[in-house]
Amino acid sequence: MAVIFALPVGAFAQGSSETNREKDNTKNEINSKTQKSMNTLNKNEFPQLPYAYDALEPFIDKMTMEIHYSKHHKAYFDNFVAAIKGKEMESMSLEQIFANISDLPAAVRNNGGGFYNHHLYWGNMKVNGGKPSAKLNAAIVKAFGSMDELKKQFSDAGKTRFGSGWAWLSKDEKGNLFVSSTPNQDNPLMNVAEKKGTPILAMDVWEHAYYLKYQNKRPDYIEAFWSVINWEEVSARFE
Ligand SMILES: [Fe+2]
């Protein structure tokens, strides 16, 4: 039984067909079909990367993208499906699972988080990703004073995350933006998060996200990340 997770970002509709996925794989640009598939997360379907492995060069290299997506992300997906198989969680939305994550097995927390977090991360990266919408820009100015200050806080959240984890830009229940960081594969939707909200921008700071190109220089990767933010997608998630 295919269950579409009720995710908090965008309109999550039925997945694209196999034929469409094959066609989309031949294109480097995000087109309307891949945009649709990017906003789709079905527990029985490993989501398609919305661009080619080399689409984010030179900021994120092709080999990193290929291993990150086809090995790491795929493993989180496979292990998550295995962890919920035949259990009550199979009929729960990801949102419900994350809201109750402190009571669930570690395998669900780690792999469910890894499955969801990477899906957000791929979607919020694009070369020439435009600018924040007027509404998002106003919210950034309200929360941080300026885009420069957001960049500083977000980058610092990634740089100072000890070990592996994520930096986030999220909106709280009042619609106000905030920056946070989570360890491992946790995210702001989880009831264990220090700051809870709906993530609209995700940055992976696990070494597997940057080590091949940037080695131990996480700050260089973070600086490069700012060149591939898909502000059109982040704005859509915000609104
Ligand atoms: Fe990752």
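This is a predicted model: local features need pLDDT of at least 70, side-chain atom pairs count only at pLDDT 80 or more; totals for chains, interfaces and linings use all residues.

Student: OK, where does Met-89 sit?

Tutor: Met-89 is in the loop between helix 3 and helix 4 (94-99).

Student: Is Met-89 buried or exposed?

Tutor: Buried, because 20 other C-beta atoms are within 10 Å of Met-89. The rule: 20 or more other C-beta atoms within 10 Å of a residue's own is buried, 12 or fewer is exposed, in between is partly exposed, and C-beta atoms are placed from the backbone.

Student: And what does Met-89 touch?

Tutor: Leaving out residues up to four places away in sequence, Met-89 touches Ile-84, Ile-97, Leu-104 and Val-108. Contact here means C-beta atoms, placed from the backbone, within 7 Å. Leu-104 is 15 residues along the chain from Met-89, and their C-alpha atoms are separated by 9.0 Å.

Student: Switching to helix pairs. How do helix 3 and helix 5 cross?

Tutor: Helix 3 (residues 62-84) and helix 5 have axes that come within 8 Å and cross at roughly 135°. Those axes are lines fitted to C-alpha atoms, for helices over the stretch in contact, with angles from 0 to 180 degrees between N-to-C directions. Helix 3 and helix 5 are therefore oblique to each other; under 35 degrees would be roughly parallel, over 145 roughly antiparallel, 65 to 115 roughly perpendicular, and the rest is oblique.

Student: Which hand is that crossing of helix 3 and helix 5?

Tutor: Left-handed, meaning the near helix is turned anticlockwise from the far one by less than a right angle, while clockwise is right-handed. On helix 3 the contact uses His-73, Tyr-76, Phe-77, Asn-79, Phe-80, Ala-83 and Ile-84, and on helix 5 it uses Ala-107, Val-108, Asn-111, Gly-112, Gly-114, Phe-115 and His-118.

Student: What about helix 7 and helix 9, at what angle do they pack?

Tutor: About 145°, with the axes of helix 7 and helix 9 10 Å apart. Helix 7 passes helix 9 in a right-handed crossing. Ser-155, Gly-158 and Lys-159 of helix 7 meet Arg-218, Pro-219 and Ile-222 of helix 9.

Student: Which residues of helix 9 are buried, then?

Tutor: In helix 9 (residues 218-225), they're Tyr-221, Ile-222 and Phe-225. Down the axis of helix 9 they fall within an arc of 100°, so they line one face of the helix. That arc is taken over the directions from the helix axis to the C-beta atoms. They pack against helix 7 (147-159), strand 3 (198-204) and helix 8 (211-214).

Student: Why does Phe-225 count as buried?

Tutor: Because Phe-225 has 25 C-beta neighbours inside 10 Å. Phe-225 is also 8.0 Å from Met-125, C-alpha to C-alpha, though they're 100 residues apart in sequence.

Student: Last bit, the whole protein. How many helices and strands?

Tutor: The protein has 10 helices and three strands, and 40% of its 239 residues are buried. Of the contacts between residues at least 6 apart in sequence, 65% join residues at least 24 apart.

Technical notes
Residues are numbered from 1 along each chain as its sequence is written. Helices (H or I, at least four residues) and strands (E, at least two) are DSSP runs, numbered from the N terminus. Two residues are in contact if their C-beta atoms, placed from the backbone, lie within 7 Å.
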